[in-house]
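Subject: Handover of a structure and its findings

Dear colleague,

Please find the structure below, followed by a summary of what was found in it. I would be grateful if you could read the two side by side.

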Amino acid sequence: MSKNQQDKEIKEFKKNFFKKHGVDVCIFTPPEAEYQITLPTLCECTHNAFIKNNPSKMWIASMKSKTRVRPFIYYYQALCSIAWMDGHSKSSIGRHLMKNHASVINSIKMVENAFFCKDKEMINAFREILKQIVENVGTIPENLKRKIDSQPSSHLIWNETKSFSSYIEGGGEE
């Protein structure tokens, strides 16, 4: 199915849904693979953020390390969540981290629960990873810069995440 055909069908669905139920819906389609930040890059950014904020844990070599050190788990779970929100499949994330998809599903759920409970350690880990991504990769992934005919585009998930992080830092007040 072409992108134009997909957009047309989504528009028609939204119109019919509004007519039938009186509710406006918003549909997010997964980002195209060429706009994703690669898993190795996400792992590197996460590990750099982890070491920067936990210098005594430099013995942990990468995000693939098998350890139950509490701060590491926060960063690991946040990494899984960010990668999934960026459009990577749970299976591909698990394969890259040498885990199975169930570990990734659990990590994503733990991040959702932590954000719901406003867990400061998880929010801090998530925010630090995002800072490292912006610092190392930028707001537009490196692979976009290589496309000659590309148009600038904002990646919705990063904007939403930054807004949520600012909301939490401000004590829940806008």
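Predicted model: local features only at pLDDT ≥ 70, side-chain atom pairs only at ≥ 80, totals over all residues.

Residues are numbered from 1 along each chain as its sequence is written, and side-chain values use heavy atoms, with hydrogens and water left out.

Of the 174 residues of the chain, 35% count as buried; buried means under 20% relative accessible area, exposed over 50%, and partly exposed in between (1.4 Å probe, protein chains only). Among contacts with a separation of 6 or more, 62% join residues 24 or more positions apart, a contact being heavy atoms within 4.5 Å.

The largest nonpolar core has 36 residues, of which Leu 42, Met 63, Phe 72, Leu 97 and Ile 133 touch the most other members. Such a core is a set of buried Ala, Val, Leu, Ile, Met, Phe, Trp, Tyr and Cys residues joined through side-chain atoms within 4.5 Å. H2, H3, helix H5 (101-116) and helix H6 (120-136) each supply at least two residues of this core, and H3 gives the largest share, ten residues.

The aromatic residues deserve a separate paragraph. A search of the whole structure finds five aromatic pairs; rings of Phe, Tyr and Trp (its six-membered ring) pair if their centres lie within 6.5 Å, and planes under 30 degrees apart count as stacked, over 60 as edge-to-face and the rest as tilted. Phe 50 and Phe 72 are an edge-to-face pair, because their ring centres are 5.6 Å apart and their planes stand at 85°. This pair links distant parts of the chain, with Phe 50 in helix H2 (residues 39-53) and Phe 72 in helix H3 (residues 70-85), 22 residues apart. Phe 50 has a relative accessible area of 0% and is therefore buried; Phe 72, at 2%, is buried as well. Phe 72 also forms a stacked pair with Tyr 76, at 6.5 Å centre to centre and 25° between the planes. Phe 72 and Tyr 76 both lie in helix H3, four residues apart, about one turn of the helix. Phe 50, Phe 72, Tyr 75 and Tyr 76 form one aromatic cluster. The charged end of Lys 99 sits over the ring of Tyr 76, 5.7 Å from its centre (NZ of Lys or CZ of Arg within 6 Å of the ring centre and within 35 degrees of the ring normal).

Leaving aside neighbours within four places in sequence, Phe 72 is in contact with Phe 50, Ile 60, Ser 62, Met 63, Ser 65 and Thr 67. Of these, Ser 65 is found in the loop between H2 and H3, and its side chain reaches the backbone oxygen of Ser 62 at 2.9 Å.

Finally, the cysteines. The whole structure holds zero disulfides, a disulfide being a pair of cysteine sulfur atoms within 2.5 Å. For Cys 43, the nearest cysteine sulfur, that of Cys 80, is 8.3 Å away. Cys 43 counts as buried at 10% relative accessibility, and Cys 45 is buried at 2%.

Yours sincerely

Notes: Polar contact = N/O pair within 3.5 Å; in protein donor to acceptor, adjacent residues only side chain to side chain.
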